[in-house]
Amino acid sequence: MTTNISSSKSWGLIAGNGRFPFLVLEGARSQGIDMAVIAIREEADPELAALAPRLHWVSLGELSRTIDLLHQDGVTQAVMAGQVKHNKIFSAIRPDWKLAKLLFALREKNTDSLIGAVAKVLEDEGIRLVDSTVFLKPLLPEAGVLTRRAPSEEESADMVYGLDVARNIAAMDVGQTVVVSSQACVAVEAMEGTDETIVRAARIAAGKSLVVVKVSKPKQDMRFDVPVVGLPTIATMKTCGATALAIDAQRTLLFDREALIAAANEAGIAMQAFPAVTVAEPNGAWQGIDKK
């Protein structure tokens, strides 16, 4: 279905933590769109109030109130932007009756299943959840080398190896990042996030150079949980001795893109975007991957 971007006030933003919600608001404003914001109290930045005149705070788990507030503001199209930490979703959450009923009905207790079910509930209420990158297309890189320095032969080999590993763990909804050294997997992301995975890898590798690989899921739903790389990740890589980063083209958001690439160049980090995959073939090979 085509997303209808107009200057109406029918747009809403469900905001988690980080820069993502700010970028969505700025992108929407540049197109004349005034978004109502539902900010998750346990995650969202209080500074959102300065950008969003129509802002409501809800606690994680208040699905019924979220829907009521979106209806109150006349929202028919909504974007989810900003992380909600996985451990909070499944440990700190205090669900209201609507969310509790949804959680009870879930066959798989993972983030994709939960947010997908929430999206279905919103749709049933007349609120369509749309691609979270709809206002941020310039931040999605095309395939190719993004930095001044291209990956070395050894780094390229680590990227190819890491892409295969990362795509398999992403397909199982374990994580989306792996850290590789000399074609050996040093660390796999679980719930801790990319930066902490890199720090753990550096501790294990004990001074060896590292390559970071971050991918989307084979059936990535661009409405939520889109892979993101920001300046903090480049700073973490520099501190931890990671010299190269592989990402999925057109499925990874580069926050503060120009500054991020400049920081990578300054640190001597090579970045390359690879064509994303969509599904796995029966023999286990990934369709769409170009390892060149």
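Two strands are taken as paired if DSSP finds at least two bridges between them, and helices (H or I, at least four residues) and strands (E, at least two) are DSSP runs, numbered from the N terminus. The model described here is predicted, so that local features need pLDDT of at least 70 and side-chain atom pairs count only at pLDDT 80 or more, while totals for chains, interfaces and linings use all residues. Residues are numbered from 1 along each chain as its sequence is written, and side-chain values use heavy atoms, with hydrogens and water left out.

Strand β11 (residues 242-248) is joined by five bridges to strand β9 (residues 210-214), the two running parallel, and V212 stands opposite L245 in β11. Five bridges also join β11 to strand β13 (residues 270-274), again in parallel, with I247 standing opposite A273 in β13. Six of the seven residues of β11 are buried, so this strand is largely enclosed by the rest of the structure; buried means under 20% relative accessible area, exposed over 50%, and partly exposed in between, with a 1.4 Å probe and protein chains only.

In helix α9 (residues 257-267), the buried residues are L260, I261, A264 and N265. They cover an arc of only 135 degrees around the axis, which puts them on the same side of α9, the arc being that of the directions from the helix axis to the C-beta atoms. What covers these buried residues includes β10 (228-229), α8 (231-240) and β13, whereas the face of α9 turned away from its buried side carries the exposed residues E258 and E266. After α9 comes G268, whose phi is positive, near 75 degrees.

Definitions and conventions. Contact means heavy atoms within 4.5 Å.
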